[in-house]
Amino acid sequence: MTKVYSLGIRREDKNRWERRAPLAPSHVEELVKKGIKVIVQPSTLRNYPNVLYEKAGAIIQEDLKECDVIVAVKEVPSEYLYNDKTYIFFSHTIKAQPYNMAMLDEINKKRIRLIDYERITDDQNRRLVRFGSFAGYAGMIDMLHALGDRLLAKGFSTPFLHVGYSYVYSRLESAMEAVKAIGEEISQVGLPDDLLPFTFAFTSDGAVSQGALKIFKLLPHKMVTPDEMVELVKNKKGERGILYGTIITSEHMVAPIDPEKKFNKSEYYADPSKYKPIFCEKYAPYISCIINCMYWDAKYPRLITIRQMEELVETNNSRLIGVADISADVNGSLEFLMTTTSIDSPLYIYDPKTQEVHDPTTDQQYMYRDGILFLAVDNLPTEFPREATQWFGDHLLKFMEQVIKSDPKLPYEKMTDIAPEMKRAIITCHGQLTPPFEYITELRKKREELTTRILILGAGSVSYPTISYLARNPSHKLTVGDISIEQSKKAASYDPECQTVVIDVKDQEKLDEIVKRHRVVVSLLPDELTILVAKSCIRNKKHMVSPGYMSSEMEALDNEAKQAGITLLNEMGLDPGIDHLEACRVINDATSKGGKVRTFVSWCGGLPAPESSDNPLGYKFTWSPKEIISGVTNDSKFRRDGQDIYIPGSEVYKRVQPVDIFPALSLEGVPNRDCLHLSKTYGIESVNTLFRGTIRYKGFCQVMEAAVEIGLLDTTSKSHLAPSAPPMSWNVAMRHILPIPQSEGIATQELLRRKLRTRRGYPSKGYDDDKITYILYVFEWLDIFSEKNNIAQCGNYFEAFTELLKTKLNLLPSERDLIILHNVVGIEWDGGKHETKTSTLVYYGSKDQSAVSTVVGLPVAIAAELLVENQIKQVGAIRPITKEFYKPMLKSLHNEGITFIHRSEFDKI
């Protein structure tokens, strides 16, 4: 009995716009005449309706399992990959694309013979079956409309707006007529002078580029060389009614490193390491619109990197309005292509300064934002589905009968029953890669090495802006680790591709296992745990960033870190962190010009926004309550008028002073920790006054002073507060720490009044009646005198008091916080002149993200990125105090809206 061979044509279901098919009804009719059974899955989206396939002799049915060969356009979901079949489709696997490696593994697991259209080539390696020209047609037409939209938002009405997106035209011919019409308009009225000369750069001269150029040449145009384009722009010679086009090939992208040599295409493709990129510097500043059509591989230099594009914009050296990236290669030849788009939402604006993407799904005003217009639709040919299908099928048909009737069970080397063009396109068979594609395995490994893995330990709210910032760059692969899986999952929601891991960093073996898989580690853990992370980073030779203070234990790791060749970057939050960056910028600028720093004062504090400071303490928690309250009793050291002063922790809140940054805000502050080391750190050993302080609204400090005085911040274990002790009201717990006359039944409030009154008569320490009354009022509000409100059985008064404050001082979701950072630098210049420079940062949070989380989470993220990009050369246990930190970081922070107000005033003589 003669075998009836069968072909299945799969219904495309990747998105609603995918209306193409690999074969049209006319091609099916030819196959049926040759005795091949053709089964077509029904589709109401396909441009050729089911009835036409049926008339051509196909069977319309859902099930394709009986088919010998199944063809499709786009990737096939795993549940529709059937064992031991032959599939033909665009697999997007030949560059080891990460997003399709799971599919490739599934294909091998099911012993599928996979043929990829992209690799159907002749003896000269020229592609034979492709939609390329149609991608060029649609991409160019769509970009013309997109330019019209973008220029309108910029205040320019241009003819570009009068052509529609490709899909609105029933035929390519109709679209081309519309392009000719706007060409006539450009010839007659021209473009605005501010846009001249308007230059288009087409990368590569392949089929995609030729398709785009065919559309471009329907417009009034002049083709010039890249060097002629540069001269046109430099000399402003462009005509109003002419568009200028240039073709960028490999000789315009790179040049030999050896200045004695000339460009050699064969040599470059064989060994790109002998060449250096030149496109960004030589040509990019002169281009209005890039039409990117080129194939790119990671072994070749990029046209423009993220940093290069940022620098072009920062130095006002870019006139780039838009990019049509028809190649749709994310982080490819144009590294700043952050994501592909769809026909539904084809455009976005990319801001090189912030690396942010503004698109219509999240920002209705996106078209008005600063940045570069991007069109990066990854299925452009489907905008001309009927013509694209007919063209594609005409080139595929001649190979199909042989493939359908071939034996997929033969060993690869004996597959002589199909044309060599098709054999060259077999990527897998018999559960493994075929010899021509075994390189994919090695390429996967290399891609894994190129992927930058960043580990974030600690999944609290500070991690959210860290993750959001780093996730903007698709080449960053993030892992969030925390002891709580719930916390990790919540943090990971800020990056859908982020991995999570449950980790107790005290488990050093497991910590090492995780750390060694990453390039940079961000520790948002408490200082005592960050030390464990730092030691693991040394063992595994990985960089680390932390917002925590540089402890003596961390400093002791300096030599080990240097020997390991790694950076342990500490104090990279707000305070310390951003304060260092700004202080060193001002100080280094002054000293480099001959100035001497005589005074340095820095105030910083996280506060509720004024409208949210609606409680007697004027305070609400926006980060770790325990860290905030424990800071109340930190010892303090500072210098005033040449005298070094030491304040024990128990006395710090007695040194409250007004802080007059803004007359409209009633602020006060106290000394913050030991800052004397900053004289050496900042290189200002001769400074007369050196002070760091913590800011609060007026009233908070005197309450904390009283809390210290009566023992509410005592960390000594108390048996009556043990978890196993009987429940106890706050009133009773207070009487345990207040002096109680045995013979009197005195109210707790009065006992507290007497306790505080004992200091009367000592103005520098004193508690006058008004102060005592206010403290009692606050304690009453806190329910500290309540017989019904039980104290938390936490073992000591510090923990219990912190728990009480947490219940009373929570920032509600509808409320916002702010941070204030205020640096004052006194500079003495030659001739006795004295200048005071102030740098003031005020940053408000939002309902989605607190200010404190943002100003701590963003600096560590930016620093981590600098380490990833090898921008930081200093190794060891360090602080961010040199120019290699403050120059790029202050710029990046400014781009994120974290900006200082600078003022300067000379003393009047």
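Ring pairs join Phe160, Phe198, Phe200, Phe202 and Phe216 into a cluster, where rings of Phe, Tyr and Trp (its six-membered ring) count as a pair if their centres lie within 6.5 Å, with planes under 30 degrees apart called stacked, over 60 edge-to-face and the rest tilted. The model is predicted, so local features need pLDDT of at least 70 and side-chain atom pairs count only at pLDDT 80 or more, while totals for chains, interfaces and linings use all residues. Residues are numbered from 1 along each chain as its sequence is written, and side-chain values use heavy atoms, with hydrogens and water left out.

Over the whole structure, a search finds 36 aromatic pairs. Phe600 belongs to strand E25 (residues 596-608) and Tyr682 to the loop between helix H23 (678-681) and strand E30 (689-697), so the pair ties together parts that are 82 residues apart in sequence. Helices (H or I, at least four residues) and strands (E, at least two) are DSSP runs, numbered from the N terminus. Both Phe600 and Tyr682 are buried, a word that stands for under 20% relative accessible area, with exposed meaning over 50% and partly exposed in between (1.4 Å probe, protein chains only).

Seven strands form an open sheet with parallel pairing, in the order E21-E20-E19-E22-E23-E24-E33; two strands pair if DSSP finds at least two bridges between them. Strand E21 (499-502) and strand E33 (876-878) stand at the edges with a single partner strand each, so one side of each is left without a neighbour in the sheet. From one strand to the next, the twist averages 20°. Within this sheet, strand E19 (residues 452-457) pairs with strand E20 (residues 476-482) in the parallel sense over six bridges, and Arg453 has Lys477 in E20 as its bridge partner. Helix H15 (residues 463-470) lies across E19 and E20 and runs at about 175° to E19, the axes being lines fitted to C-alpha atoms, for helices over the stretch in contact, with angles from 0 to 180 degrees between N-to-C directions.

The largest nonpolar core has 126 residues, of which Leu712, Phe779, Ile784 and Phe801 touch the most other members; such a core is a set of buried Ala, Val, Leu, Ile, Met, Phe, Trp, Tyr and Cys residues joined through side-chain atoms within 4.5 Å. Helix H29 (residues 851-868) gives the largest share of this core, 13 residues. Another core, of 115 residues, lies apart from it and has Leu104, Ile115, Ala138 and Tyr169 among its members.

Some backbone features fall in loops. The peptide bond from Leu196 to Pro197 is cis, with omega near -15°, and Pro197 has its place in the loop between helix H5 (172-189) and strand E7 (199-203). Another cis peptide bond joins Asp575 and Pro576, with omega of about 20°.

| Residue | Phi | Relative accessibility |
|---|---|---|
| Glu571 | about 55° | 2%, buried |
| Arg673 | about 60° | 30%, partly exposed |

Glu571 lies in the loop between E24 and H21, whereas Arg673 is found in the loop between strand E29 (667-671) and H23.

How values were computed: Contact means heavy atoms within 4.5 Å.
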